[in-house]
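Hello,

Here is the structure I promised to pass along. Please have a look at it first, and then read on for my notes on its side-chain contacts.

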Amino acid sequence: MSTIDNKSYAKVVQNGVQAVETVQELHSTGYSADDIFVLAHDQDRSDRIAEAANANEIGIKEEGMFAAIANLFRSRGDELRAKIVSLGFTETEAAFYEKELDLGKVLVIARRTD
């Protein structure tokens, strides 16, 4: 897991089962469902994993209204990178994670909220 400003970190896992396990570990360390996000390259897969894991998807609250609207016109890769950046990661980190998602992996992000 990579720490970002001691507030956000991400873990790339191989599949949905590992994503659910990672989310459960995060819940056991004090993260609430509102603090945990899952992201897969396929939107439907993201939805299913988030629901099974009791986690969130990155939405308007995290991205902001304008970014969410812009995502309607972006390619899926651009959209994924924008979502990752909205949680405090750099463009370089977002590009790395998006490439992992291209390979069928799942990204679990946890962020402490103040």
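This is a predicted model: local features need pLDDT of at least 70, side-chain atom pairs count only at pLDDT 80 or more; totals for chains, interfaces and linings use all residues.

Residues are numbered from 1 along each chain as its sequence is written, and side-chain values use heavy atoms, with hydrogens and water left out.

Aromatic pairs

Searching the whole structure gives three aromatic pairs. Rings of Phe, Tyr and Trp (its six-membered ring) pair if their centres lie within 6.5 Å; planes under 30 degrees apart count as stacked, over 60 as edge-to-face and the rest as tilted. For Tyr9 and Tyr31, the ring centres are 5.9 Å apart and the planes stand at 75 degrees, so this pair is edge-to-face. Tyr9 belongs to strand E2 (residues 8–13) and Tyr31 to the loop between helix H1 (16–28) and strand E3 (36–40), so the pair ties together parts that are 22 residues apart in sequence. Helices (H or I, at least four residues) and strands (E, at least two) are DSSP runs, numbered from the N terminus. Tyr9 is buried at 13% relative accessibility, and Tyr31 is buried at 9%.

Phe96 and Tyr97 also pair edge-to-face, because their ring centres are 5.4 Å apart and their planes are at 65 degrees. Phe96 is partly exposed, at 48% relative accessibility. Together, Phe89, Phe96 and Tyr97 make up one aromatic cluster.

Salt bridges

With a side-chain nitrogen of Lys or Arg required within 4 Å of a carboxyl oxygen of Asp or Glu, the count is four salt bridges. Arg81 and Glu98 form one of them (2.9 Å, N to O). This pair links distant parts of the chain, with Arg81 in helix H5 and Glu98 in helix H6 (residues 91–102), 17 residues apart. Arg81 is partly exposed at 22% relative accessible area, whereas Glu98 is buried at 7%. A network of salt bridges links Asp78, Arg81 and Glu98.

Within helix H5 (residues 76–86), Lys83 and Glu79 sit four residues apart, about one turn of the helix. Their side chains meet in a salt bridge (3.9 Å, N to O), and both residues are buried.

Best wishes

Notes:
Buried means under 20% relative accessible area, exposed over 50%, partly exposed in between (1.4 Å probe, protein chains only).
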